[in-house]
Amino acid sequence: MIPWTCFIWLFLLTGSTLLFVSSQQFDNSQGRLSVGKPLPFLLGSDLEVSCHANACQRSSQVFLTVNGEGARLQRRDGCNFTFKLLRLGQPDSEVYCKLRQDGLTTVIAWIKLVGGLPPDPPTNVTCETTRGSPLVECRWWAGRHTHLPTSYNVTLRSGNTTSFWSADDGKVVLPRAALEAEPRYWLEVNAHNRLGQSRSETLAVSLTDIVIPQSPLITRIHFSNVSTPAAILQWDSPEDLSRLEASVRLRPHNFSSWEAKESTRLDRDQVQVGGLEPLTDYDFQIRACAAPVGNCSQWSAAASGRSPGKGPSQPLQAWRILGKRQSASLQDVTLLWKAPDPESYSGRVERYLVVLGRGPTAREVNCAASLSQCSLQVPSELPALAVSVVATYGTSPWTSVPLNFSDGAAPELLLALPAANSSAMLVSWEKTRSSTSRNEVLYYVLEWSSLPKRKNQLKWIKVAKENNNATVTGMTAGVRYNVTIYAVSRRGVSLPSSILAYSGQLKPSAGPSVSVLVHRPTRLLIEWEDPRVEQQRGFITNYSVYFSTLNVHSREITVVVPAGVGRQAWLECPEGGVAIQMSASTSAGEGPRGNPISSRPTESTAGLTTLVSTMLAAAAFTVQLACWRCVRRRIKERWTLLAPDWLVGKLPKPENSQAIKLLELVSECEPSFSSTSSDPPLSPISLVSDDNEDAYRPGPSFPHLLLMSDVLFPESDSDRGYKAQVAATLPPMEQTGWDRLDSTMVVVDSGSGQFSGNLLSSVELDSWSRHLDLDWSGDEWKEPGERETGVKASLGGGYFPQCFTPNNEQEA
């Protein structure tokens, strides 16, 4: 064996040098290239390359390119050009020498430079064999790549015996018999190439120590149905499995590197590996290690499998809003939840599952996957409900949402600090302390909503019990928010604590609406209404009231009213009428003024009121006069209904009386009595009694108060307001024979039958051929002789012609 060893070393040291020379040249008819150091060169070292042109001129130029990049010219000696290559790091480099002459560029020579590294000492040398195997396999790590042919040999020594084996890069296979002669051997690995050689540390090898279990076999792969995908590997081995421990490594399919994974032994031949990515193809390998010694077998052949999708692994964040009670046994509840992170599960959300109650009486409610809240009617005594999300590859753990209130104290909100960009605020509160474990806070819930409240605008977050502050995001400057905090314990939900806050204040967008309640000469009492909440855009700090006089020389006076004094204020103002405007201010500044109003002192207002009242009274009186005839008619109708019949009976119609008819006949037959007037001529009226015509005695009762002219010509419905024109229309006395005619009122007492007033004092009548006596009693006119007493009148003017015939017909 020694001669062969010497020959191998001699060949390695001398024979390989025949492959390389001290310098390498490239010659052709135009020139040549030469390298100053022998090749291969050590990577990272400097080289000198000389280029010689066979024919050149003084004006000729020579260029050297290394892998397409120009090299620096170091010196020129005639047609010899020397270039310096600094820290050349590529193992294979092409060098071209080019000549530029007479405007032409030609390649006069080229060379390929080969570089490399000396071998590193081999490390991690191990030798292994299985029970019953005839071979021993030794492995090592060769180190970095040398870029040069490198040979390895293994030296095995025991006592005075040394053995040599040539090896491949990183592995050598020895016969098991070479290690059975002695209980212990020393093994070394030597590496050699053109640039150097190296040797590993000496390894003590014993056959009893290098026997390892046989490689196991993966018989089945299946995946568990849990929120995080896990692979269960079933394996087998010729060895006793109870004395072996399994190790697993894996890699995604088509990946080059393996990753060792911690495994859990489920059964004698089953191990589980977790932490897998969902819906990914994996390659698995397994090896068995002897439990007492720790020797491990070779890795098994790879087995492949695809991991399933994962379901949601975290409970939902859920909250509730209590509504009104529908009855003594039902309560309206709006359940709120936050959708799970899409990266925390595979597939899609199929639905949200809500469970009301426990045990056999529990009721399940399914809510659509697109919703973030669900309205329910639950029993009033139900303390809590449970909710979870159902995804394609699993269901999340249950979340309990309390419905009842606890007796714990409410956490007190301290302040809300707006962020610099006005889109968030920091809310802090005082932590609650409990004396019992059931009142211990589990977590806090922070709610906020904009004002005025809008439907589905409530936002909330869940805060860990260790924290006493939280950042609220997604806010808008100039919007008022109502922030509320709850503390949740095992006993239920505490009472709320609320504050009003802005993430950033702005100037108001509108002014207050102002009105005047009392206006005195130099003072007035005003009342105002704040702008709507969305127009305030901040907390109002003060109000500004502007007074302007209404005269020609108008001047403006400003009065500042602090906020918090109510909605009324007495203010000093200029005399006379004033125009009033009002504005509101926040910490961001003053907003616009409200609509202007004008006002005058109370006296002017009273005078105006009196004038208006007078005008209204005059108008009412005018309307009353216009409707007076209507009023009289209505009074007469009412009086007719209420008075007795004898008082409201109709008067006789004069046109139907016998006297009127005789007068009409007289006017037609006697031309001397014609007149231009429409009134007929009347004869004097004398009072006649049965005993003495010149004396007056009481007569019968008369029911009416009459004019003498009315006796003869009573007023009819169609000729109301008629008055006899006696004196004006009668002919002269000498023609008629009348000495004097006087129209005088005759008053007849219905009780005594006496006349009162001015009677016809002297009626001188000429001789008449005939006399006509008229008697009136009751409702109709009667001829003489029908009553014993009455009013008698005689019509003078001569005799009645033959054409006059008295008509005894009664009134129609």
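A contact means heavy atoms within 4.5 Å. The model discussed here is predicted.

Q: What share of the contacts with a separation of 6 or more in the protein chain comes from residues 24 or more positions apart?
A: Such residues account for 63% of those contacts.

Q: Why is S396 called buried?
A: Its relative accessible area is 3%. Buried means under 20%, so S396 is buried. S396 sits in the loop between β34 (394-395) and β35 (399-402). Leaving out residues up to four places away in sequence, S396 touches P312, Q314, S388 and V389.

Q: What makes C56 and C79 a disulfide?
A: Their sulfur atoms are 1.6 Å apart. The cut-off is within 2.5 Å, so the pair forms a disulfide. C56 lies in the loop between β4 (47-53) and β5 (61-66), and C79 in the loop between β7 (72-77) and β8 (80-85), so the pair ties together parts that are 23 residues apart in sequence.

Q: Why is the disulfide of C56 and C79 called left-handed?
A: The torsion about its S-S bond is about -85 degrees, so the disulfide is left-handed.

Q: Why does C56 count as partly exposed, and why does C79 count as buried?
A: C56 has 22%, so C56 is partly exposed. C79 has 19%. Buried means under 20%, so C79 is buried.

Q: How do you know that C289 and C296 form a disulfide?
A: The S to S distance is 1.8 Å, and the cut-off is within 2.5 Å. The torsion about the S-S bond is about 105 degrees, so this disulfide is right-handed.

How values were computed:
Residues numbered from 1 in each chain as written. Predicted model: local features only at pLDDT ≥ 70, side-chain atom pairs only at ≥ 80, totals over all residues. Heavy atoms only, no water. Helix = DSSP H or I, 4+ residues; strand = E, 2+ residues; numbered from the N terminus. Buried < 20%, exposed > 50% of the residue type's maximum accessible area, 1.4 Å probe, protein only.
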